[in-house]
Amino acid sequence: KATKYLTSLTIVISAYILIVGKFIGASNTIFCLTYALIIFFIVLTFLSFCSAWFSIFNSLKLQEVKKMPSDHHLIEYFLDNELPTIYWDLAEKYDEAIKWYRNKNHDKTVLMQQGYNEIIHSGIFFVISIFFIFLTKVV
């Protein structure tokens, strides 16, 4: 999902920058309250897009992976202990690894939800700023 959000966000930001660039390039004579309001929403939209990007990139960030031991010490452990003890030890290690993975997945899910919420806010700011831009072009 993160890559889908990131791709959509990149396309929308590119289109937004084009629209805003044309507006700013064509509005040399507009300096009123509406223009200041439009600039405010443009900045707010851009910051919101950046925040969404940051959250989504953090959810995609590679992290260290929990690994089960597979060294010479483990082979000796298998040779020196009885099978029930080995099973118990492995079960504890697998339980620890599963808890670690669940914790990391939860953290990534929280970041994805933050990114999604920022995308929603960005969309609202986007619509408001585009509305004001077209309003100044029509009026």
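This is a predicted model: local features need pLDDT of at least 70, side-chain atom pairs count only at pLDDT 80 or more; totals for chains, interfaces and linings use all residues.

Trainee: How many helices and strands does the chain have?

Mentor: There are 4 helices and 0 strands, so the order from the N terminus reads α-α-α-α. Helices (H or I, at least four residues) and strands (E, at least two) are DSSP runs, numbered from the N terminus.

Trainee: How do you know that the span of helix α1 agrees with what it should be?

Mentor: The expected span is 1.5 Å times one less than the number of residues. Helix α1 (residues 2-26) has 25 residues, so it should span 36 Å, and its end C-alpha atoms are 36 Å apart, which agrees. Helix α2 (residues 33-60) gets the same check: its 28 residues should span 40 Å, and the ends are 41 Å apart, which agrees too.

Trainee: Why is Lys93 called partly exposed?

Mentor: Buried means under 20% relative accessible area, exposed over 50%, and partly exposed in between (1.4 Å probe, protein chains only). Lys93 comes out at 27%, so it counts as partly exposed. This residue lies in helix α4 (residues 83-138).

Trainee: Which residues of α1 are buried?

Mentor: Among them are Leu6, Ile13 and Phe23. In α2 the buried residues include Phe41, Ile42 and Ala52. Over the 139 residues of the chain, 24% count as buried.

Trainee: What is Lys93 in contact with, leaving aside its neighbours within four places in sequence?

Mentor: Met68 and Pro69. Contact means heavy atoms within 4.5 Å. Lys93 and Pro69 are 24 residues apart in sequence, and their C-alpha atoms are 9.2 Å apart in space. For the chain, residues 24 or more positions apart account for 89% of the contacts with a separation of 6 or more.

Trainee: What radius of gyration does the chain have, against a compact globule of 139 residues?

Mentor: The globule would be near 14 Å, but the chain has 26 Å. The radius is taken over C-alpha atoms, and the globule rule is 2.2 Å times the number of residues to the power 0.38. Along the principal axes, the C-alpha atoms fill a box of roughly 85 × 20 × 20 Å.

Methods. Residues are numbered from 1 along each chain as its sequence is written. Side-chain values use heavy atoms; hydrogens and water are left out.
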